[in-house]
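Open the model in your viewer and follow the stops below in order. Each stop gives a selection and then what is found there.

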Protein chains: 2
Amino acid sequence: MKAVIAEIITIGDEILYGQIVDTNSAWMGTELTKIGIRVKQITSISDSADHIVKALDDARTRADIILITGGLGPTKDDLTKHVLADYFHTTLKLHEPSLDDIAEIFKKRGIAVTELNRQQAFLPEACTAVRNVLGTAPGMWFEQEGKVFVSMPGVPFEMKRMMTDIVLPQLKTYFKPPEIIHKVVQTVGIPESILADRLEAWETNLPEHLKLAYLPNLGGVRLRLTGTGSDATKLEQELQAEVEKLPHIIPNNIFAFGEVKLEEAIGQLLKERGLTIATAESCTGGYLAHKITSISGSSAYYQGSVIAYHNEVKTRELNVKPETLQQHGAVSEATVREMAENVRKKFGTDIGVATSGIAGPGGGTAEKPVGTIWIAYADKDRTETRLLNYNKDRLLNIEYTATAVLNLVRQSLTAAVEE
Amino acid sequence: MKAVIAEIITIGDEILYGQIVDTNSAWMGTELTKIGIRVKQITSISDSADHIVKALDDARTRADIILITGGLGPTKDDLTKHVLADYFHTTLKLHEPSLDDIAEIFKKRGIAVTELNRQQAFLPEACTAVRNVLGTAPGMWFEQEGKVFVSMPGVPFEMKRMMTDIVLPQLKTYFKPPEIIHKVVQTVGIPESILADRLEAWETNLPEHLKLAYLPNLGGVRLRLTGTGSDATKLEQELQAEVEKLPHIIPNNIFAFGEVKLEEAIGQLLKERGLTIATAESCTGGYLAHKITSISGSSAYYQGSVIAYHNEVKTRELNVKPETLQQHGAVSEATVREMAENVRKKFGTDIGVATSGIAGPGGGTAEKPVGTIWIAYADKDRTETRLLNYNKDRLLNIEYTATAVLNLVRQSLTAAVEE
């Protein structure tokens with residue numbers, strides 16, 4: 001099957017000067033890959049007519065699809081539309097439905113349509129308008145010699161909505177790329193290199209049309225298995241069969257199938273079991289609570305937290321014994337154990353978790369260097385503790401610690417069921 | 001003065017397939033802009049010889065400097081080095097100092113240098129090696145027909161270190177771009193459009209060689225004033241004189257000069273005045289505490305927090321009166337006021353702050369829709385409250401609320417001095 005090739009062109013100085021990071025292209029690359037279209041080049045150029053024409057000429061020599069973002073604002077600086085009209089030997093003409101959409105947006109804001117915004121409804125006659133329900137710049141779809149050119153605004157949420165609703169489905173219909181199906185398996189608590197080692201035999205035995213990608217992010221590795229073929233049902237079955245082998249190979253590290261965050265998976269576990277949780281944080285300073293509460297609906301299982309940044313708060317609010325702090329220090333198994341057990345009692349929850357460590361860059365000693373972090377999990381039956389040793393910067397130490405605590409909760413809950 | 005032009009080429013499929021976002025190029029764009037070099041194009045291409053050669057040929061028609069990242073890993077897939085050797089009609093030769101660096105890295109890890117990594121010390125004879133002290137792939141600096149080509153690894157921290165230590169200084173020496181000086185002014189609590197309106201007259205009166213950029217980020221707008229010229233001392237004076245006018249035009253919104261975060265500026269204020277602070281969070285769920293404790297050294301002024309996600313925690317841990325919750329609800333001025341005042345007393349701090357609101361997407365009502373958020377600041381003399389109305393998604397509502405609280409602290413501390 002011949003691959004369908006796309007290129008992305010972004011127009012505007014903000015990306016070139018580093019004022020914004022080009023997240024649009026990454027998103028587009030991901031979505032195009034998902035439907036079996038291969039991105040061959042991404043080009044960021046300045047907002048000048050010559051440069052735009054050169055980029056279009058180059059891209060069409062390599063690609064079937066050229067997706068353009070940016071340069072469609074209402075000001076006179078933005079000349080993409082005019083360049084495209086010339087490029088396709090056509091002229092601008094008022095597109096009434098686009099003007100209606102623009103009028104609607106201004107009506108909602110309670111102000112009259114400005115002349116500059118009215119100009120945005122003028123589109124090259126040779127294009128099909130791509131409706132923008134979230135902004136004033138309509139997109140443009142051109143076809144020429146079997147190739148498709150689509151121009152969209154650079155505003156991320158406008159572009160994404162247009163791609164999802166219109167451009168991606170139409171590209172699928174037009175080019176009929178091969179069926180592509182992805183299955184995502186989320187792992188935590190195992191480094192990429194060890195994971196790759198464990199999965200080597202399984203990966204080697206995968207049929208040619210199933211490909212594995214390791215996608216590490218902070219504190220975990222996403223596995224993405226991608227199948228390419230002509231029969232979607234058969235592909236789905238093949239992928240499912242392969243994915244189901246994984247829990248036998250790495251029984252302790254899979255926390256979810258699909259696009260689910262660790263804090264979401266744990267929220268789900270807690271909800272299913274009707275359990276509640278409270279946190280006591282020292283070195284993570286609220287970030288663990290933030291991760292948990294970033295999930296909508298977390299108030300069903302999350303009660304609250306004591307952030308005990310000062311030792312005095314540890315004794316007064318979390319009843320950590322002064323002797324414990326004196327004998328073992330704040331960063332110790334004994335302290336973190338008391339923190340987890342006591343916050344559980346204090347908040348009347350099923351589970352209590354705690355962190356205490358040296359996030360850095362200051363505060364380390366020879367005995368307890370920066371990155372020495374204790375975490376604890378407590379429920380009515382038992383308390384589990386772990387010593388972590390990270391050697392990252394402050395924010396990464398905090399990030400990894402929060403993930404380790406969530407993973408400890410997951411392991412404890414899963415083990416409790418297995419017993 | 002003729003502008004010095006650079007182009008950036010990134011090699012590798014991860015960016016094209018959207019597996020990673022190209023933050024390297026944004027960073028490079030920023031750093032090049034700072035030293036007066038203009039980025040004309042950023043091109044992301046696949047790891048194939050033809051494609052690399054085509055990109056190099058294209059780039060040299062437009063640019064004086066071609067910076068290449070990626071494709072220098074130890075595996076056989078990475079062919080950048082071989083392509084560059086061919087491109088510059090030269091062959092690979094063992095570069096002893098690079099082999100020493102690689103050996104040093106492996107020695108630290110306590111393992112023997114692998115053959116694959118040894119191969120990384122072979123460099124094209126025509127290049128000057130660019131030392132990589134953080135990884136095993138040295139960079140390469142080529143000069144041809146007055147143009148400079150630099151190839152670096154794609155690992156962000158390795159590339160950044162090489163750019164900062166070697167490449168940027170050498171480019172400055174080689175091309176002598178005009179003097180460029182930047183001054184950054186940090187604002188908060190004023191939307192970009194209103195800010196632009198207030199600064200219009202000032203901006204219009206700026207001399208031609210001083211340019212203003214608005215760089216909005218979550219919750220604030222950075223102003224960057226850039227001066228270009230040949231006399232650094234004179235430029236510095238001109239910029240300083242212009243920047244000093246700003247506090248008279250926007251007296252309430254500047255929190256810092258230079259690259260300082262809001263939470264850092266507030267930490268500094270608290271330290272200078274010897275004040276301590278505690279937080280009581282409902283809707284921000286720990287994120288406010290996280291922002292404060294993300295600053296190294298925050299334990300000097302930050303005592304801790306009660307995250308009261310449940311109403312019961314608000315009454316039990318923060319002594320919010322049950323009548324207050326009944327009469328006004330958890331999301332109310334009365335509740336947030338008691339939270340701030342009581343957390344201050346509870347932790348024995350000079351200042352207490354609190355948040356209570358509906359972060360969404362669930363939990364909104366007709367009377368109190370999603371995004372209705374109350375915040376409070378309390379010190380020994382007074383309590384200030386603010387009602388916020390955001391219409392963002394959950395995480396943005398949390399982010400903006402934390403910024404609003406920090407800004408309220410800043411305003412209260414600054415006002416106290418002015419009185």
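Select Glu145(B), in the loop between β7 (139-144) and β8 (147-152) of chain B; helices (H or I, at least four residues) and strands (E, at least two) are DSSP runs, numbered from the N terminus. Glu145(B) is not a glycine, yet its phi is positive, at about 50°. Most residues other than glycine have a negative phi, and most peptide bonds are trans. Is Glu145(B) buried or exposed? Glu145(B) is exposed, at a relative accessible area of 68%; exposed means over 50%, buried under 20% and partly exposed in between (1.4 Å probe, protein chains only).

This is a predicted model, in which local features need pLDDT of at least 70 and side-chain atom pairs count only at pLDDT 80 or more, while totals for chains, interfaces and linings use all residues. Residues are numbered from 1 along each chain as its sequence is written, chains are lettered from A and ligands numbered from 1 in the order in which they are written, and side-chain values use heavy atoms, with hydrogens and water left out.

His89(A) is exposed, with a relative accessible area of 72%.

Now select Gly360(A) and Pro361(A), which are joined by a cis peptide bond with omega about 0°. Pro361(A) sits in the loop between β15 (351-357) and β16 (372-378) of chain A. In chain B, the bond from Gly360(B) to Pro361(B) is cis too, with omega near -5°. Pro361(B) is in the loop between β15 (351-357) and β16 (372-378) of chain B.

Return to chain A and select residues 192-204, helix α8. Its 13 residues reach 17 Å from first C-alpha to last, close to the 18 Å expected at 1.5 Å a residue, the expected span being 1.5 Å times one less than the number of residues. Where does α8(A) bend by about 45°? The bend is at Arg198(A), taken as the angle between axes fitted to the seven residues ending there and the seven starting there. Leu195(A), Leu199(A) and Trp202(A) of this helix are buried. Their cover includes β9 (179-188) and β10 (210-217) of chain A, with contact meaning heavy atoms within 4.5 Å.

Finally, zoom out to all of chain A, which has 16 helices and 17 strands. Of its 419 residues, 56% are buried.
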